[in-house]
Structure formats: structure tokens, C-alpha cells
Amino acid sequence: MRLGIAFRWGLIAALIVATRTAVICTCCEDHWTAGYRSAHYGCTAGPISAGAPNYIGSTPLYRHHDAPFSKNPNYDEDCHRKTDCSYEDVEESLFTCDWSIEKSTGGLFTEVTTISGNCSGATWTTTESFEPNAVYRAKVHVNDTPGDGPYGDDGAVDVTGGMQTLYAPGVTNFTTSANYPVCQSDGRFDFHYDWEADCGSGSTHTAHLDAVTVREKVTYESAYTFFGIHDSGHSATQCFQTGINDPTRNGVPGTDGAMYDYKYMLAVKDDPCESTCVGNQVYQWATGSPTGWQYAPDYNDDTANWQTLATYTITRELVYEDSSWKYRITKTGYTPCTHSVP
Amino acid sequence: MEPKDGVITAGEPVLARVEIVNESGEDLTLMTGNSSAATTYFEVRAESGKVVAATPRPQLNESGIQGAPRFPAGAIRTNVWIISALYDFQQPGLYQILVQQLERTEGLPIMAEAASTVRVLPFDAAKLKARCEELSKPMREGTSYGDLDVSKRSKALLAVRHDIVLPYLEWLAKEWADAYAIRAMRRLGTDQAQRLVNELAAREDRVGVAAQRALQMSIERQSLLWDMGW
């Protein structure tokens with residue numbers, strides 16, 4: 001009998017203890033909410049406010065040059081329910097930032113490549129592989145850290161900025177090299193020219209002229225050009241006898257940074273006579289645009305966007321001086337090169 | 001050489017990477033020639049020893065500009081040449097590719113020389129397509145080019161002489177308004193290629209402008225060395 005009564009007391013005591021626990025701890029588990037809820041008194045939690053990227057490199061931005069970006073900080077608050085069931089805003093401390101580069105085509109931006117970076121910044125190091133004369137910008141895909149509490153993840157957001165036009169380096173500082181021209185003993189007239197890239201001085205930047213061709217184009221009196229060949233001995237009074245391509249074109253890569261221009265004597269008839277052959281020479285450079293941005297233009301392609309570097313008149317003459325026949329090459333602005341006809 | 005194992009199927013692109021090292025101990029000026037004739041000279045020889053293709057040799061008495069880049073002591077000058085623009089390797093067989101660096105002086109003495117062998121197997125459309133895909137992929141996906149830049153990849157595609165290359169030329173034309181890619185379509189001379197050219201020329205955008213420019217270009221080879229990657 002006593003056992004029976006004791007058993008009942010045990011049951012009643014156990015029931016009373018269990019009931020008191022449920023009433024005291026109703027918010028024991030951690031709970032997070034990513035966004036605003038009106039019932040979460042005191043919380044203003046909202047979506048991620050992603051800081052925009054900014055271009056912090058040199059301007060203009062050239063192919064082959066790095067494009068560094070910084071990024072403004074991100075901000076996000078999530079709502080945390082405390083164990084006493086009250087709420088508090090807690091700043092998100094960790095984000096992930098995935099970078100990409102977008103290109104504008106007709107005003108619409110599309111991704112062209114991804115780059116390595118973090119939430120402080122990134123650098124686009126492959127600018128040489130992308131079309132110049134186009135607008136690019138950085139895009140950052142920002143996400144908060146997963147697993148910061150049940151239902152506490154904000155949706156990822158994309159933020160863009162740092163818009164820049166990418167330019168193709170071109171030729172600048174085209175100059176006659178020191179100690180040139182040289183009138184060689186065999187009658188060859190040597191010229192030497194140097195140039196630099198407009199994206200910076202020195203060989204490092206000259207190497208950025210991979211989509212540049214430097215060329216010469218020489219034209220002659222058209223009346224004596226037949227099927228593209230200029231007759232240098234074009235009348236009975238002329239004693240040259242060389243056929244010259246008209247126009248004459250030659251090209252060298254922009255990356256060379258320097259070139260010679262050799263002017264040789266024209267062939268002369270056995271009986272020399274007073275003769276003159278005039279060529280109009282222009283040095284030019286062009287980038288691949290608009291015929292194909294990635295190529296140094298074909299030196300024969302007159303449709304490329306050739307820019308003039310210098311123009312000269314080259315005059316070849318046979319003259320009788322000091323009791324003998326002389327061959328003279330004159331180029332505008334330089335002392336002529338004169339030699340006896342062999 | 002690419003392919004590295006020296007074996008291709010007919011019509012596949014063939015590229016040669018040529019490195020010139022200045023071991024003289026002095027800073028030099030490297031006379032490279034011009035786009036008419038370079039001092040880097042190539043020959044393709046058939047199994048019989050017959051020269052089936054060669055680049056022009058410099059003419060010493062011709063007036064004109066000549067490339068003269070500075071070549072510091074110890075420097076390595078690297079260039080990739082598209083050999084399949086010199087010879088199309090359409091016939092199966094064993095070929096030798098010879099490269100010589102010539103000195104631009106009387107007699108054009110040989111400063112350095114190297115040779116490589118290529119075995120050409122019968123045409124395989126899948127292999128050619130895979131090669132075009134491999135060349136084009138970094139351009140389309142914006143991924144790493146490795147040591148083969150965008151210009152060389154593009155020119156290697158321009159040199160392919162089969163309609164299999166058309167989608168890749170079309171991408172160049174539409175993405176970058178590449179007039180040379182459209183000229184390459186014209187050079188193929190096939191009905192499919194011509195239809196594509198006409199379609200591009202009818203566009204009223206920069207691609208259409210590029211196509212019109214390409215229609216003005218001669219389809220005859222203007223510069224072998226430019227086609228080869230000069």
C-alpha cells in the first residue's frame with residue numbers, strides 16, 4: 001500500500017518539474033533572420049548593401065596594362081533573436097566577393113572574363129586579350145557567409161563600377177636617330193628612326209605595340225607608272241633604268257621600336273645623262289582597328305587607319321659635276337648623299 | 001612546333017615557335033628585314049627533299065625600311081609563325097620544316113638553323129574541328145591564352161582551308177568586326193562561305209562595315225609574312 005502511494009507522489013513531482021522547464025526557455029535556440037520583419041521589434045535587418053568597385057589605375061587604360069580596382073566596403077545587418085526572445089541587429093562581418101569584367105556592346109554589358117579578387121579589390125591583368133576602343137567595367141558578386149544561423153542568409157547581390165575605355169597603344173616620339181643619316185661609301189644612304197609607345201616610354205612599353213605596324217609608302221610621278229611599275233627612265237632624256245613598284249610599301253612591326261631605311265642608287269644606263277626621279281615618301285603607323293583589332297595591320301592594306309609620322313621627298317639625280325657623273329640622293333631636310341657613278 | 005608530337009591530320013594548323021638567343025655577350029641590333037622579306041627564313045620540304053614552300057629571302061640592294069629592334073645581351077626573342085599559312089599540308093606524308101636566321105649582309109650567311117619533322121595523316125574532320133576549337137576557345141570564353149596570343153590564334157584560323165573553320169571565323173567577324181576573318185571566308189571560295197559573307201555584308205552595323213571593307217580587299221595573297229604572323 002505504501003509503495004503505491006509513494007509511486008503516485010513520484011509521478012506528480014516529475015510532472016510538476018517538466019511543466020516548469022517548458023515555460024522558462026522558449027527561445028533557447030539561436031535564430032537569425034536576414035531581412036526586416038515587423039514582428040522583430042528593434043531590428044532593421046535588410047539586404048546586403050554592396051560597396052561599388054572603383055578603378056584606381058592610370059588613365060587612359062591601355063591594353064597590356066593592369067587595371068586595378070578597389071572596392072568600397074559591404075554592409076549588412078541580420079536580425080538575431082536572443083534567448084530572452086528579444087531581437088537585436090548584428091552586423092555581418094564576413095562576405096564573399098567574386099569579380100568579373102563586363103564589356104559594353106550597344107549599351108548592354110556582358111561578362112567577358114572572371115578575375116581574382118577579394119572584398120577589398122582586384123586587378124584585371126589580361127587587358128591585352130580584349131578588344132580596345134570598348135568600354136569595360138568591373139562587376140562584383142557579393143554574398144554573405146552561409147550558415148550564420150537558420151534563415152539568416154541574405155540573397156547575393158551584384159554591384160558594378162569602375163567603367164573605363166580600353167585603348168590600344170600607338171606610336172609616338174618618332175625621331176631620326178642620333179648620328180644619322182649616314183652616306184655610305186658604296187652610295188647607299190642610310191636613315192635610322194626610333195619610336196616609342198604612347199602608353200609609356202622604354203622597351204617595356206614598346207613591346208605593347210603588338211597590334212601596330214609601321215610602314216613606308218612611296219609614290220612616284222603617276223604619268224610614268226604602268227600597271228603598278230614606275231619607269232624611272234621615263235623619257236629619252238632620263239638615264240635611269242630601274243622599274244620601281246608604285247606605290248612602294250614596306251612594313252615593320254611596331255614592337256621593333258626602331259628601323260633603318262636604306263636608299264640605294266637606281267641602275268644607270270651606260271651613257272649617263274642629267275636625270276631626276278622623285279618619290280614622295282610617308283611614314284605611317286596603324287593599329288589593327290578597325291580591320292581587326294588583334295592584328296598588326298597588313299602593310300599592303302590601305303583600308304587600315306594609317307596615321308602619318310613624317311613625310312619626305314626623295315630625289316634621285318644624275319648630275320655632271322667636277323668633270324664626272326655623280327649620283328645624288330636627297331631627302332627633305334637632310335644633307336644630300338653624293339657619289340661618283342661607277 | 002605545334003602539334004608537339006609532330007603528327008597532324010591533313011589541313012590542320014601548324015605553328016612554329018622560334019626563339020633567338022643573343023649569346024654574343026654584347027648588346028646587338030637584330031636586323032629582322034621587313035614584311036616583304038624577313039631575315040628569319042623558312043622552308044618546307046617534302047619527304048623527297050623537294051622544297052614545296054619557302055619564304056622570300058631578303059634582297060640586299062632593294063631600298064626600303066628594315067626592322068632593327070635592339071637585342072640586349074642574353075635576351076631571348078620569341079616569335080610564333082603560322083607555318084600552315086606558308087604550306088597547307090593537305091597531302092599526307094612526312095615533311096621537314098627548316099628555319100634559318102640569316103644575317104643581312106652579302107651572301108646572307110646563316111647565323112643559326114633548326115629543323116623539325118611533321119607527319120601528316122589523312123584528313124580527319126573531327127581532328128580539324130578539335131584543333132579549331134582549341135585555338136578559338138580562350139577568345140570565346142575569355143580564359144587564359146597561355147603563350148599563344150590572340151593575334152596568332154586568329155591568324156592560325158585564317159589559314160585553315162576548309163569550311164569546318166567557318167563558325168570560328170564567323171565568331172571573329174561578329175564579335176570583333178574582324179574584316180580579315182571575312183576575307184578568309186572569301187578565300188575559302190565555297191558556297192557556304194559565300195552565303196555567310198553575303199549575310200554579314202547585309203548587316204547595318206559595324207559587322208556589316210567590316211564585311212564591306214573585306215569585300216574591297218583583294219583575296220589574292222598580299223603578304224605571305226603577314227599571313228604567317230609577322
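A residue is termed buried when its relative accessible area is under 20%, exposed when it is over 50%, and partly exposed in between. In the predicted model described here, Lys174(B) has a relative accessible area of 33% and is therefore partly exposed. Glu170(B), at 22%, is likewise partly exposed. These two residues form a salt bridge in which the closest N and O atoms are 2.7 Å apart. Both belong to helix 3 of chain B, where 4 residues, or about one turn of the helix, separate them. In general, an α-helix has 3.6 residues a turn, so residues three or four places apart point the same way.

Other residues of helix 3 of chain B are buried, namely Leu166(B), Tyr168(B), Leu169(B), Trp171(B), Leu172(B), Ala173(B) and Trp176(B). The packing around these buried residues involves both chains: strand 7 of chain A takes part, together with helix 1, helix 2, helix 4, helix 5 (191-201) and helix 6 of chain B. Just after helix 3 of chain B, Ala177(B) adopts a positive phi of about 50°.

Helix 2 of chain B is largely enclosed by the rest of the structure, because 9 of its 9 residues are buried. The buried residues include the charged side chains of Lys152(B), Arg153(B) and Lys155(B), and Val150(B), Leu157(B) and Leu158(B) are also among them. The cover over this helix includes strand 2 (15-21), strand 8, helix 1 (125-141), helix 3, helix 4 and helix 7 (224-228) of chain B. At the N-terminal end, helix 2 of chain B is capped by Asp149(B), which places a side-chain oxygen 3.1 Å from the backbone nitrogen of Ser151(B).

The interface between the two chains was examined next. The contact draws on 44 residues from chain B and 40 residues from chain A, and the two chains bury about 3300 Å² between them, with 48% of this area on carbon and sulfur atoms. Across the interface, 3 salt bridges are found. In one of them, the side chains of Asp194(A) and Arg70(B) meet at 2.8 Å, N to O. The interface also has 25 residue pairs in polar contact. On the side of chain B that touches chain A, at least two residues each come from strand 6 (64-67), helix 2 (150-158), helix 3 (166-176), helix 4 (179-188) and helix 6 (206-216) of chain B. Helix 2 of chain B gives the most, with 5 residues. By class, this side of chain B comprises 16 nonpolar, 17 polar and 11 charged residues.

Strand pairing also joins the chains. Strand 20 (residues 258-263) of chain A and strand 6 of chain B run antiparallel and are joined by 4 bridges. Within this pairing, Tyr260(A) stands opposite Gln66(B). The closest N and O atoms of Lys263(A) and Glu216(A) are 3.3 Å apart. Lys263(A) counts as buried because its relative accessibility is 4%, and Glu216(A) counts as buried at 1%.

Within chain A, an open sheet of 5 strands has the order 3-11-10-7-8, with mixed pairing. Strand 3 (61-62) and strand 8 (108-115) of chain A stand at the edges with a single partner strand each, so one side of each has no neighbour in the sheet. Strand 7 (residues 95-105) and strand 10 (residues 134-144) of chain A are paired in the antiparallel sense over 9 bridges. Opposite Lys103(A) stands Tyr136(A) in strand 10 of chain A. Lys103(A) also forms a salt bridge with Glu131(A), with the closest N and O atoms 2.6 Å apart. This pair links distant parts of the chain: Lys103(A) lies in strand 7 of chain A, and Glu131(A), 28 residues apart from it, lies in the loop between strand 9 (121-124) and strand 10 of chain A. Both partners are buried, with a relative accessible area of 5% for Lys103(A) and 6% relative accessibility for Glu131(A).

Over all chains, the structure holds 24 salt bridges. In chain A, Arg215(A), Lys217(A), Arg249(A) and Asp302(A) are linked in a network of such bridges.

Conventions
Residues are numbered from 1 along each chain as its sequence is written. Chains are lettered from A and ligands numbered from 1 in the order in which they are written. This is a predicted model: local features need pLDDT of at least 70, side-chain atom pairs count only at pLDDT 80 or more; totals for chains, interfaces and linings use all residues. Side-chain values use heavy atoms; hydrogens and water are left out. Contact means heavy atoms within 4.5 Å. Buried area is the accessible area (1.4 Å probe) that two parts lose on being put together, summed over both. A salt bridge is a side-chain nitrogen of Lys or Arg within 4 Å of a carboxyl oxygen of Asp or Glu. A polar contact is a pair of N or O atoms within 3.5 Å; within protein, one must be able to donate a hydrogen and the other to accept it, and residues adjacent in sequence count only if both atoms are side-chain atoms. Two strands pair if DSSP finds at least two bridges between them. Buried means under 20% relative accessible area, exposed over 50%, partly exposed in between (1.4 Å probe, protein chains only).
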